[in-house]
Amino acid sequence: MKGLTATAAMGKRVRGRALVAKDGFSARYDLDRIKGVFSRPDHKLAGQSYVGRVLVLDAAKGGVATAWMLHEMGARGVVPAALVLNTVNPIMVQGAALADFTMMSGFSVDITAAVPNGAMVEVDAESDPPCLRILEEC
Amino acid sequence: MRLTAEEQAMLAGEAGPVRQWAIEHQIRVGGYLGAADFVPVSQAHIMADTESLGGAGVGWLEQLAAHPADHRQVRIPTITDPRGTDFGAAARLKQQPWMLDLERRAIAAFQAMGVLMTDTCINYQTIMPAVRNEHMAYGDTGVAIYCNSVLGARSNFEGGPSALAAGLTGRTPRYGYHLDAQRRATVKLRVTHTPRDLADWGALGALIGRHAGDYWQVPAVIGIDRVPGSDELKHFGAAMASYGSVALFHLDGITPEAERLADVADPALPLRASIGEAELRALQRSFAGRVDKIDVVVFSAPQLSLLELRELAGLLDGRRVTVPVLAVTSPQVKPDADRMGLTARIEASGAMLLSGMCFYQSYAREMAEANGWQALATNSAKLANILGGYGYRPALLSMADCVAAACRGRIGR
């Protein structure tokens, strides 16, 4: 089992299959939140379902809407299990705080290169320091 | 975070449960982002369209608004970003009654909390411009980047919940662009072609945003050969924030903190790239190459100023559009446009002038499906960036070329 420590995290400890891409994240810009898929045509995960997955992406992008949208997605159950980013912006943090959503960021390596797509991972936001564990590679 | 006695009292619930939620939320955010303490803010600006909120978010607001008046009222002037509709035009846009019901419920909740429903993303042009070094809690990326960069104010991107929390507590966690150290340039870029058109300013902002890459990067731009106007910097900043999540830029010799480049940038900061006209045209081609026939033309994101409406009216005079044309402005500008005859000139062409909404915040996906809209022309680089994910095929054109496309139904004059 491989562990990767982060500088910051919030939310509960969760497990799920990683969905990984060296690309950004914005709920407004990138998602069809009704269908639960990435809908931005030039996003590297276009067409793929994010529901229940641990999203491992590069940087938070776009506008302020994600601060509300994580809460709205959670209420309908069409939501990722967690969001893991190299770099956050305040909007992601604010959205995760409102929705009590699990998020982690700030690694010593490029997290999108360190986590294999499809791997079973545990996002432990409750440990000190926060830690992402690769439980099983696909 | 270090808390004052007043902040500790709010956290303990002594100012009621609404303010207790607000400061708990702010402490979670501030703790994540390394804030040492709070900074008082003089204004908050809330983005809260109901497509983002959904029924869950509106219900959450209503729960806050149901508390006693002295517990739920904001403590500082708190204003709003565009709403999800122009109620007077909703039927023509084929928006559904459930959308309007959600909007009405959200408005009622905000009003119960003492929020001023300004419904604008150009408050720096129409409501009250920030003052240099004034700390704010701005909830629209275009507002935050303009006020940080052009006016020298200090704000992070404050999403709806956090802007509301700032309104309720009168403060925000002190991190990011409230701090001197974060306002130093981290990326240096040279511009070799100063744009002359609003769409080009947006395209330039988009390219700089892509170079910057994330929220914590601060571009310093050299080579702009004249002082841009407010609308030009509006499109420039809105696009930079949209493409790069950037919240602050400096223009050498132009923006207030960069009277000299050395004031904001280390002399050793390397030049990352040069951006010229070829790069601007390539960005525009990356959109327009996918589009020929046009279904709808939209001028929005940011809302149009009076001067943009004047330009649009001039381009539409004596012409008739053959596809829907939506121009969107603020509730503050619209009465002036009415009074000065601009609305009548624009609508005489068959175009619609909408107020208090913004296209992408107004159930853009549902409007596309209801109206059969896919191919969209706009002069907003920000709008072009957003709408791909909503199922549109956007083309980024000048305002004049958008009008020509609206009259012919396809791109090309």
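I began with helix α11 of chain B, keeping in mind that the model is predicted, and listed its buried residues, which are B:L280, B:L283, B:Q284, B:F287 and B:A288. Looking down the axis of α11(B), I noted that these buried residues fall within an arc of 130°, so they line one face of the helix. On the other side of α11(B) I found B:A278, B:A282 and B:R285, which are exposed.

I then looked up what covers the buried residues of α11(B), and the cover includes α9 (198-212), α16 (381-387) and β14 (393-396) of chain B. As a check on the length of α11(B), I took its 12 residues (277-288) at 1.5 Å a residue, which should span 16 Å, and the end C-alpha atoms are 16 Å apart, so the two agree.

Next I turned to the contact between the chains, which takes 32 residues from chain B and 32 residues from chain A. On the side of chain B that touches chain A, the elements giving two or more residues are α2, α3 (50-65), α8 (160-169) and α16 of chain B, and α3(B) gives the most, with 5 residues.

Finally I followed one helix pair across the contact: the axes of α3 (residues 90-99) of chain A and α2 (residues 17-32) of chain B come within 9 Å and cross at roughly 135°. Angles of that kind count as neither roughly antiparallel nor roughly perpendicular, and the two helices are therefore oblique to each other. The crossing of α3(A) and α2(B) is right-handed. In this pair, A:P90, A:V93, A:Q94, A:A97 and A:L98 meet B:H25, B:R28, B:V29 and B:Y32.

Methods: Residues are numbered from 1 along each chain as its sequence is written. Chains are lettered from A and ligands numbered from 1 in the order in which they are written. This is a predicted model: local features need pLDDT of at least 70, side-chain atom pairs count only at pLDDT 80 or more; totals for chains, interfaces and linings use all residues. Helices (H or I, at least four residues) and strands (E, at least two) are DSSP runs, numbered from the N terminus. The expected span of a helix is 1.5 Å times one less than its number of residues. A residue is buried if 20 or more other C-beta atoms lie within 10 Å of its own, exposed if 12 or fewer, and partly exposed in between; C-beta atoms are placed from the backbone. The arc is that of the directions from the helix axis to the C-beta atoms. Two residues are in contact if their C-beta atoms, placed from the backbone, lie within 7 Å. Axes are lines fitted to C-alpha atoms, for helices over the stretch in contact, and angles run from 0 to 180 degrees between N-to-C directions. Angles under 35 degrees count as roughly parallel, over 145 as roughly antiparallel, 65 to 115 as roughly perpendicular and the rest as oblique. A crossing is left-handed if the near helix is turned anticlockwise from the far one by less than a right angle, and right-handed if clockwise.
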